[in-house]
Amino acid sequence: MSLSNETIQQKLTEKFGEVLTEWEVPYGMLTFTAPKDFNLKILQYLFDDEELRFRFLTDLQAVHYPERKGEELAVVYHLHNLTDNVRIRMKVFAPVERPDVYSATALYASANFMERETYDFFGVNFVGHPNLIRILNVDEMDYFPMRKEFPLEDQTRIDKDDEMFGRGGTLGFGTEKRKEGGTLVEEDKHNEGDKVL
Amino acid sequence: MSQSEHILLPEGSLEKQTTTLNLGPTHPATHGVFQNILEMDGERILSAVSTVGYIHRAFEKLAERRPLYQITPITDRLNYCSSPINNMGWHITCERLLKVELPKRVDYLRIIIMELARISDHLICNSIVGVDTGAFSGFLYLMQYRELIYEIYEEICGSRLTTNIGRIGGFERNFTNTAFEKLEKFLKEYPAVLKEFENLFNRNRIFMDRTIGTGPISAERALNYGFTGPNLRAAGVDYDVRVHTPYSSYEDFEFSVPVGTTGDCYDRFLVRNEEMWQSLKLIGDAYKKVQEFKGAEAEVFHADTPAYYLPEKKDVYTKMEALIYHFKIVMGETEIPAGELYSAVEGANGELGYYLISDGGRTPYRLHFRRPCFIYYQAYPELVKNGLLSDAVITMSSLNLIAGELDA
């Protein structure tokens, strides 16, 4: 239980210098961001180093941040040192137009399905993955559904007429203009009465 | 098995060809929607390709549009053999995000529920391994006690399989006396039944012959494949989230973590059996601690988190503040503090993790479930390779694959 977050940060900074950024400790877990071309080097170093020993890949997934232009997709690795019981989190960012990230399958057999899942939902292209195909969605799907541009329900569907929840309907509820603070604009007030009924 | 090399077959003869066999997706021996395309040489498996995703329900996408309390029913449907652990894991994640301190009594009640869920999960898994090896009676015998566990759930939350038990900050209501009576009945009767079950199986010649050496995995491979829970412990690694990162006051209890050596079906079976004994001990200890609370303390069943915990109905009708909180919670208008956190509990199958990112809105920005099944299922082709087809069936049931958890 001797490995502290400071030691990890110090060792990583010594080895890789200033390329590692955004050091944070949210809820006690050391988090940092690495350039995407360095991910395998860092994972290998964390695995091999006799003091760090991060040899268990707990989780791997992606997050889509549309507002981070040029680096919209974050791939997040959760690593666990089971000997000292320390966890860390590493993020690499990739542009959504060309989301190529090196695959960790050679280091961790567990990364296989997790990278396939990440590809399936976010379209991250893991370079070097032995079998990068969809895993949970149907093979015919031609988009990556967990990206933020896809709303939860398909807005183009016409078989569901669900006027109360902003889809379809003749009264146009949910599509009305709203002022700051959420109050309805004057001309839609008469619809409000029907809504209560 | 000896090679039959003395038979000289001509090139291209039928016996030299391999057979492709579809095991699943609705095969009666697979207990769930799993498909494996096996390449068979006679009775022997040369390779297996797993297909997953038959019951994918887009839980992570759904969670991005729901307030925290509406995500609990989603977690029910992950590992539906032990839903309460999933529910509690989710509540604990939320409470860590919101920095809510729980009263000790709630923690202990939660331990009782979680360990009951662990027992109900393990007893299904182990008795199904029995069924797949040809011993049906153990299954029928134990099943009665899963029924009793479900009755306890029902007494607490009103439902049995997909429980939606507990709330952020505690429980929806205090445990009734009937619940405690049923719990006492369970604690009194189950040890004898479990002992009987062990007598039926542990030294049973047929059972041992079928399971020893079937689907083994080394500790190193298991770690590399991301195994957690009983399957990892059967391979000899004593990793248990309850001990490594205690939650819900597990640090107040003494219990041991059983480990195996070979990681085969027999070891997994023994580890699960031993874990049931440990869970029984934990439930007994936690129940004793619960009984120590007297007076007003014995009525505590939730923390004071008005912004997330629904107020009592009579207060909603009489108090303005309660009415406001009630409205905000029901309409999902409570803002969640921004933050990023990974929180894990020891599910029945291993480390069940929740990776939650909140941007300060009313719903999570991103929620990812680390489902232990999904991660260790990728080792299945390696486990069954060069084994017999009937062993592949036992290996699958002894891994305790739950389709709901696999496909999220």
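This is a predicted model: local features need pLDDT of at least 70, side-chain atom pairs count only at pLDDT 80 or more; totals for chains, interfaces and linings use all residues.
Let me start with the hairpin of strand 2 and strand 3 of chain B, where two residues sit between the strands and Gly42(B) takes a positive phi near 65°. Strands here are DSSP runs of E with at least two residues, and helices are runs of H or I with at least four, numbered from the N terminus. Strand 2 (residues 35-41) and strand 3 (residues 44-51) of chain B run antiparallel and are joined by seven bridges, where pairing requires that DSSP finds at least two bridges between the strands.

Residues are numbered from 1 along each chain as its sequence is written, and chains are lettered from A in the order in which they are written.

Turning to the helices, the axes of helix 4 (residues 104-132) and helix 11 (residues 265-292) of chain B come within 8 Å and cross at roughly 155°, the axes being lines fitted to C-alpha atoms over the stretch in contact, with angles from 0 to 180 degrees between N-to-C directions. Helix 4 and helix 11 of chain B are therefore roughly antiparallel, a term for angles over 145 degrees.

Finally, the chain interface: 30 residues of chain B are in contact with 26 residues of chain A, contact meaning that C-beta atoms, placed from the backbone, lie within 7 Å.

Notes. Two residues are in contact if their C-beta atoms, placed from the backbone, lie within 7 Å. Angles under 35 degrees count as roughly parallel, over 145 as roughly antiparallel, 65 to 115 as roughly perpendicular and the rest as oblique.
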